[in-house]
Amino acid sequence: MCGIVGYIGKRQAAPIVIEGLKRLEYRGYDSAGIALLNGKLEIYKRAGKVAELEQSLPKDLMGTIGIGHTRWATHGVPNDINAHPHISTNGDIAIIHNGIIENYAAIRTELLRKGHTFRGQTDTEVLVHLIEEIWAEAHCDFETAVRLALKEVVGTYGVCVISSREPDKLIAARNGSPLLFGVGDGEYFLGSDASPIVQHTRKVIYLSDGEMVIITRDGYTVKTIENIEMPKEIDELTFSIAEIEKGGFEHFMLKEIFEQPEAILNSMRGRLLVGEGGVRLGGISQHLERLRASKRIIIVACGTSWHAGLVGEYLIEELARIPVEVEYASEFRYRNPIINHDDVVIAISQSGETADTLAAVREAKARGALVMGICNVVGSSIARETDCGIYTHAGPEIGVASTKAFTAQVTVLTLLALALGRRRTLSDAEAKALVDELCAIPDKAREILKLNDDIKRLAETFKDARNFLYLGRGVNFPVALEGALKLKEISYIHAEGYPAAEMKHGPIALIDENMPVVFIATKDGSYHKIVSNIEEVRSRKGRVIAIATEGDDEISSLAEFVIRIPNAVDMLLPLLTAIPLQLLAYHIAVMRGCNVDQPRNLAKSVTVE
């Protein structure tokens, strides 16, 4: 989950690397560091945010090769010593690393026996010492030492290595952790993702697992760690620098909440056949018949994407009548799952790099299932390793707490359910009506965003609450889970989501006059059951906040606070009900003084297990 950035060219590297680290900070912000080559290696690192590192740097930094790292700690506490880059015993090799070296303890023991001294507790430090040892023992060059060291490690890595002994070379490699490099005019840029690269060049090359790149100012060579040269195509980045700026908003999270109408529209753009009531999904067109004929669909995902998958379960079963199971990707491959050749596995991930989800993809493919991906990042590992897939086109999401990714994923799952339904049980009239309703969703989302100030005032009332309960029924139950997740991950208030009917099977014991209870109480098929659940909470003095449908006057006499949203058909409601819950969590967190874009202990792309 750490962020890696590198530069080699004619310009001074330090400003480029520091700016790149700022753009990658959503991947980890426990500590940060930079290494520059200017005749010798200069290393600067410290615990804390990139801004703290930047303030501590000398003003006259020189060097046209540099690497930088922003950390999400796994091995070793976040402090100055454990911050990356790590250096060899002789101080002439520096490394930055994203991932986990699983056999680091055994390697460390052997290196200690050979006289190496370690400064910190990280697994990464072992790798730089191993490179140093091999370079000395094998009497080889820098590239070979790195390659042979990587062959000895077990685990995941995205690494970048430089050395003062070969001062015009930058070497990077990946295995399970994302890495790409940008090709400029006589200069090259390295990043864990495209955000630190796009302002300099749109031409990028994505490294695959088991590949390394050797870059000089004169060019680059991509090889496997088995020393086989690999021809690589140059891809073109499709987003702009403006998309990863705050654009006048106080936080990325708020910006991304307000981008949802456009993200939903972009996820549908060119895919809806309005006059016909159909859907065109080019990324899965060659596999639609197998999808249609599947006996079972298994959705694998983590976190917010798992909640989107739960919504997808309701949608696909309702519209296409195909059984769906939703699995935590982190559990999927460890329980010997039963997968048949007529099953379809759908992997959902915003980044397309989520380690657990990627592992589930590989497990499903090995067992013969058709594997489909739903992700946001073009060229990501899941996009490349699945048999087919659909991009969400939500645009870059920088805030760690996912918002527009959720609604974009639900939009794509709706399109998929509609496409499958048209080939199975859905009538022309039903399909056309649903397409018309979908077309209206972006404007309805814009109407909800106009309630921002009202929701901010509501947040003032509950910012000091210690617990929240979120309740919903049917397709809105996953939204209740997502609302609770948003609140706890950015405000640090304990919150739980439940199916409303399950409240009386345990959670009702928690309700008293201090417990805010958020009901998703829209006018859908389960409305009257939700009303009964509200009465149960009221009778126990719970404080009721209701997400209700415009024109519903009955709810005003039941709930202490009401947020009204436009009406929509039942199965599309999650695209609307999620938005006020995101805003509520955002404003409560801001009022509590929390860093909503970089909540403690979290990182955006979970690329380690």
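Two strands are taken to pair if DSSP finds at least two bridges between them. Helices (H or I, at least four residues) and strands (E, at least two) are DSSP runs, numbered from the N terminus.

The structure is a predicted model, in which local features need pLDDT of at least 70 and side-chain atom pairs count only at pLDDT 80 or more, whereas totals for chains, interfaces and linings use all residues. Residues are numbered from 1 along each chain as its sequence is written, and side-chain values use heavy atoms, with hydrogens and water left out.

**Overall form**

The protein chain contains 18 helices and 26 strands. Its radius of gyration (taken over C-alpha atoms) is 25 Å, which agrees with the value near 25 Å for a compact globule of 609 residues; the globule rule is 2.2 Å times the number of residues to the power 0.38. Along the principal axes, the C-alpha atoms fill a box of roughly 80 × 55 × 45 Å. Buried residues (under 20% relative accessible area, 1.4 Å probe, protein chains only) account for 61% of the 609 residues. Of the contacts (heavy atoms within 4.5 Å) between residues at least 6 apart in sequence, 72% join residues at least 24 apart.

Helix α5 (residues 142-152) is mostly covered, with eight of its eleven residues buried. Among them are Phe142, Glu143, Arg147 and Leu150. The buried residues of α5 pack against α4 (123-138) and against β7 (155-163), β8 (170-175), β12 and β13.

**Strand pairs**

| Strands | Bridges | Facing residues |
|---|---|---|
| β9 (residues 180-183) and β11 (residues 203-206) | three bridges | Gly182 and Val204 |
| β11 and β14 (residues 235-236) | two bridges | Val204 and Asp235 |

Strand β11 pairs with β9 and also with β14. Val204 of β11 is the bridge partner of Gly182 and stands opposite Asp235 in β14.

Technical notes
Buried < 20%, exposed > 50% of the residue type's maximum accessible area, 1.4 Å probe, protein only.
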